[in-house]
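I would like the overall figures and then a few sites described residue by residue.

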Amino acid sequence: MGAGGDARNSVRSADRPHQLAAYVATVVVAGLAVLVGAAAGLRPGDLWAMPHGQQLALATCFVLVVLGELRPVIGSHVHDPMGVALSATFVFPVLLHFGLLPAAVLHAVATVVAGTVERRAWWRTLFNVGQYTLSVTAGWAVLAALGIHPSLATPWTPTTLLDLLLVGVVALSCFAVNDALVAVAVSLVSGQSPWTALLSDLRFQSMVSSAQFGLGPLVVVLMEHAPAYVVLTIVPMYAIYRSAAASRRSEHQALHDDLTGLANRAMLVLQAEKAIEEALRTGEPCALYLLDLDRFKEVNDVLGHPVGDQVLRSVATRLEGALRPDDLVARLGGDEFAVLARRVPDAASAVVIGERLRTALDAELVIDGQLIDLEGSIGVAMVPDHASEYEVLFSRADVAMYLAKADRAGVQVYDPRRDANSASRIGLISGLRHAIEHGEIELHYQPKARLGDQSVCGVEALVRWNHPVRGVVPPDDFIPVAEQSGLMHRLTEVVLDLALAQVRMWQDAGMDVPVAVNVSFRDLLDMTLAARLADLLTRHGVAPSLLTLEITERVLTADMERARLTLQSLRDLGVRLSLDDFGTGWSSLRLLRELPLAEIKIDRSFVSRAAVVEEDAVVVQATTRLAHGLGLHVVAEGIETAVTWNAIADMACDSAQGWHIARPMPARTATTWLAERLLDGRLADEAPAAHP
């Protein structure tokens with residue numbers, strides 16, 4: 001495990017530079033003292049007296065250790081880490097077979113070579129030498145305590161199961177000391193506690209290191225009996241590297257924004273929850289900033305998406321450059337960014353950081369010869385002054401951002417006196433989180449029917465929150481709260497799980513009922529949505545073709561490129577995509593052309609009056625012809641009377657949805673309704689009874 005990355009190439013960039021310098025010096029001096037002490041017992045003739053095969057094995061290990069230092073596997077949860085150096089794959093067997101001095105010298109020389117080639121800071125290279133020497137010494141101490149003293153003259157080879165158990169203890173001691181030394185250094189750089197630094201990437205470190213140490217006994221056996229074959233161990237080492245790198249790439253994609261390389265919403269939530277916990281424990285406040293670019297939509301509309309993408313990448317670079325190494329910058333989607341800053345003493349300090357961010361944005365930006373004027377509105381909320389949990393913190397930073405935009409104030413710290421809905425919003429956030437976790441979310445189902453033969457063709461799942469005290473909470477009350485507070489992804493997953501479980505129950509009862517579920521714009525920015533949905537479909541045994549995801553025209557208002565990638569992944573999965581509320585936005589035709597849609601739903605504002613308002617009838621007819629020309633299915637929403645049904649049927653729409661067919665129903669009522677109608681495949685002659 002390395003000591004840090006490029007952001008840590010200067011001791012002065014550390015949060016506590018004097019303590020870090022003293023700590024680095026202590027580790028370096030201790031490591032060098034061990035090297036000098038071990039070298040005092042070396043007899044120069046021992047190396048030349050070794051069999052040629054053993055010399056070859058040692059030389060091969062040296063080359064492979066250097067390669068391992070030059071090609072570390074990078075972890076995913078720390079800022080600019082060096083990662084796990086694969087050199088331990090060969091240093092560890094040298095320790096077991098030849099003892100402390102060869103292993104420590106081998107690793108020290110390889111570290112210096114790698115540091116020179118990679119142009120690492122001199123202090124970091126020296127720290128790595130001391131760190132590695134002390135970790136190897138910890139393993140040697142375990143061997144010595146058990147009476148095992150390997151050396152160049154008297155190599156040791158594990159041969160029994162008891163020996164393998166001993167090797168495991170030696171490996172554990174090396175790993176523990178190594179990680180502890182680095183955790184303290186990272187804590188001095190970033191300001192977080194050593195325990196937090198240790199745990200931040202422990203799972204990844206453990207996975208890669210256990211694979212390396214596990215190869216140790218095999219390499220020792222090759223050294224003893226077939227030295228020429230030691231070089232072949234590069235094959236499993238390369239396999240470890242490829243496997244860990246693939247895992248790293250997968251984790252990176254799940255936690256980072258593809259366009260800018262910044263952290264994404266998922267990473268922000270992870271890091272913010274840790275920062276909040278640490279702030280509450282230590283009493284050192286942290287702050288969350290939400291930043292929205294002013295007039296970015298104009299840049300996209302006038303100059304095009306490619307220029308808009310360049311602007312976003314430039315903004316990302318500027319924001320990172322204005323902050324400390326351990327502050328986190330995240331892109332939430334579109335032109336929305338967030339900054340998580342630890343150890344912000346008070347509101348005045350928070351404003352200073354916010355102004356620094358604004359200053360970074362105000363600098364002149366020229367792209368393709370075009371001068372682009374950038375400004376941003378920034379809202380900030382603090383822990384513990386304004387919140388003690390992430391969703392509330394995010395919501396209050398969001399309120400502050402909109403106040404900054406309204407006041408054209410630039411930077412606005414959350415002020416509860418200007419948040420008229422604070423108490424009710426916080427109650428909704430806490431209640432909604434509880435509802436998601438304790439099964440208070442339920443679905444009602446509204447049927448859809450074919451206009452041609454009146455047969456049932458599916459249902460739309462509509463989310464309901466059955467609050468134990470307030471009763472049924474309207475979706476218009478809690479969906480915006482879910483989007484603003486970061487609960488939307490969890491809510492969507494619950495809704496999809498419930499809907500697919502119900503489809504499975506209907507199938508078990510002999511009914512194949514397609515279901516449509518609404519997903520938000522924020523869901524489409526989640527690059528893991530398709531993979532998580534595939535897992536849900538497999539778990540419930542439901543064919544993807546039975547699921548339709550309904551999206552709104554808002555997908556074009558910001559990060560369409562990223563949303564399109566998610567939509568294409570969903571389409572490739574076999575899920576149908578529907579554009580909801582068609583006709584209410586200015587860019588609908590572009591959406592029809594560019595997105596992988598299967599159907600559109602004409603908005604009820606046109607459908608409900610099509611029988612009596614000629615202009616609305618013309619819109620419905622023209623839209624239907626256009627959609628059919630593009631091979632899209634057309635659903636008419638808002639059919640509430642037989643007159644409207646007949647009028648829409650004459651306009652060649654494919655299917656309909658509305659109170660004339662049925663109101664939204666709980667699952668049990670919907671099951672009875674569907675069973676009755678699916679017996680002969682037609683709707684009843686009279687309008688179904690209304691259900692609340």
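The briefing below begins with the whole chain and then takes up individual sites.

This is a predicted model, in which local features need pLDDT of at least 70 and side-chain atom pairs count only at pLDDT 80 or more, while totals for chains, interfaces and linings use all residues. Residues are numbered from 1 along each chain as its sequence is written, and side-chain values use heavy atoms, with hydrogens and water left out.

**Whole chain**

- The chain has 26 helices and 17 strands; these are DSSP runs numbered from the N terminus, helices being H or I with at least four residues and strands E with at least two.
- Of the 692 residues in the chain, 55% are buried; buried means under 20% relative accessible area, exposed over 50%, and partly exposed in between, with a 1.4 Å probe and protein chains only.
- Among contacts in the chain with a separation of 6 or more, 72% are between residues 24 or more positions apart, a contact being heavy atoms within 4.5 Å.

**Asp 523**

- Asp 523 belongs to helix α19, which covers residues 521–524.
- Asp 523 is buried and has no salt bridge, the nearest side chain of opposite charge being Arg 532 at 5.6 Å.
- A salt bridge needs a side-chain nitrogen of Lys or Arg within 4 Å of a carboxyl oxygen of Asp or Glu; for charge, Lys and Arg count as positive and Asp and Glu as negative, with His and the chain ends not counted.
- The side chains of Asp 523 and His 489 are joined by a polar contact of 3.1 Å.
- A polar contact is a pair of N or O atoms within 3.5 Å; within protein, one must be able to donate a hydrogen and the other to accept it, and residues adjacent in sequence count only if both atoms are side-chain atoms.
- A polar atom of the Asp 523 side chain also lies 2.9 Å from the backbone nitrogen of Ser 520.
- Not counting residues up to four places away in sequence, Asp 523 touches Met 488, His 489, Thr 492 and Leu 529.

**Aromatic pairs**

- The whole structure holds 5 aromatic pairs.
- Tyr 390 and Phe 394 have ring centres 5.9 Å apart and planes at 50 degrees, so this pair is tilted.
- Rings of Phe, Tyr and Trp (its six-membered ring) pair if their centres lie within 6.5 Å; planes under 30 degrees apart count as stacked, over 60 as edge-to-face and the rest as tilted.
- Tyr 390 and Phe 394 are 4 residues apart in helix α15 (residues 390–407), so about one helical turn separates them.
- Both Tyr 390 and Phe 394 are buried.
- Tyr 445 and Trp 506 form an edge-to-face pair, at 5.2 Å centre to centre and 70 degrees between the planes.
- That pair links distant parts of the chain, 61 residues apart: Tyr 445 is in strand β8 (residues 441–450) and Trp 506 in helix α18 (residues 488–508).
- Tyr 445 is buried at a relative accessible area of 2%, and Trp 506 is buried at 1%.

**Helix α4**

- In helix α4 (residues 88–98), 11 of the 11 residues are buried, including Phe 90, Pro 93 and His 97.
- Gly 99 follows α4 and has a positive phi, near 105 degrees.

**Ile 367**

- Ile 367 sits in strand β4 (residues 365–367) and is buried, with a relative accessible area of 5%.
- The C-alpha atoms of Ile 367 and Val 311 are 7.8 Å apart, although the two residues are 56 apart along the chain.
- Leaving aside neighbours within four places in sequence, Ile 367 contacts Val 307, Gln 310, Val 311, Ser 314 and Ile 372.
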